[in-house]
Amino acid sequence: MFDFTALKTTGMEIVFTKQNGEERTMRCTTNMSVIPTSQHPTGRMNGYTRNTAMRVYDIDKQDWRSFYVENVKSAKAL
């Protein structure tokens, strides 16, 4: 299991397998000071959906994305 605590501070580079089998590398964060105000969630954000997926802000695509924790191949702080 990976430690995702850097998502709240510096952000992370996550490599994971997508649902269609493709491998994807994503630079992401949950640090609201990095995320544009217009992209801040308006409802309650707990960071997880369905207990196995993680909701994060994709720094490069400038939008919210999610990935399944069990599909993560590597995770490192930015």
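Which residues have the most contacts inside the largest nonpolar core?

## Nonpolar core

They are Phe4, Leu7, Ile14, Met54, Val56 and Phe67, in a core of 13 residues. A nonpolar core here is a set of buried Ala, Val, Leu, Ile, Met, Phe, Trp, Tyr and Cys residues joined through side-chain atoms within 4.5 Å. Strand 1, strand 2 and strand 4 each supply at least two residues of this core. Strand 1 gives the most, with three residues.

Phe4 is in contact (heavy atoms within 4.5 Å) with Met12, Ile14, Met54, Phe67, Val69, Val72 and Ala75, leaving aside neighbours within four places in sequence.

## Basis of the model

This is a predicted model: local features need pLDDT of at least 70, side-chain atom pairs count only at pLDDT 80 or more, and totals for chains, interfaces and linings use all residues. Residues are numbered from 1 along each chain as its sequence is written, and side-chain values use heavy atoms, with hydrogens and water left out.

## Strand pairing

Strands are DSSP runs (E, at least two residues), numbered from the N terminus. Two of them pair if DSSP finds at least two bridges between them. Strand 1 (residues 12–17) runs antiparallel to strand 2 (residues 23–29), with six bridges. Glu13 has Arg27 as its bridge partner in strand 2. The two strands form a hairpin with five residues between them. Gly21, in the turn, has a positive phi of about 95°.

Strand 2 also runs antiparallel to strand 4 (residues 53–58), through two bridges. Here Cys28 is partnered by Asp58 of strand 4.

## A buried loop residue

Asn31 sits in the loop between strand 2 and strand 3 (48–49). Asn31 counts as buried because its relative accessibility is 16%. The cut-offs are under 20% relative accessible area for buried, over 50% for exposed and partly exposed in between (1.4 Å probe, protein chains only). Asn31 touches Leu7, Lys8 and Thr9, not counting residues up to four places away in sequence.

How values were computed. Helix = DSSP H or I, 4+ residues; strand = E, 2+ residues; numbered from the N terminus.
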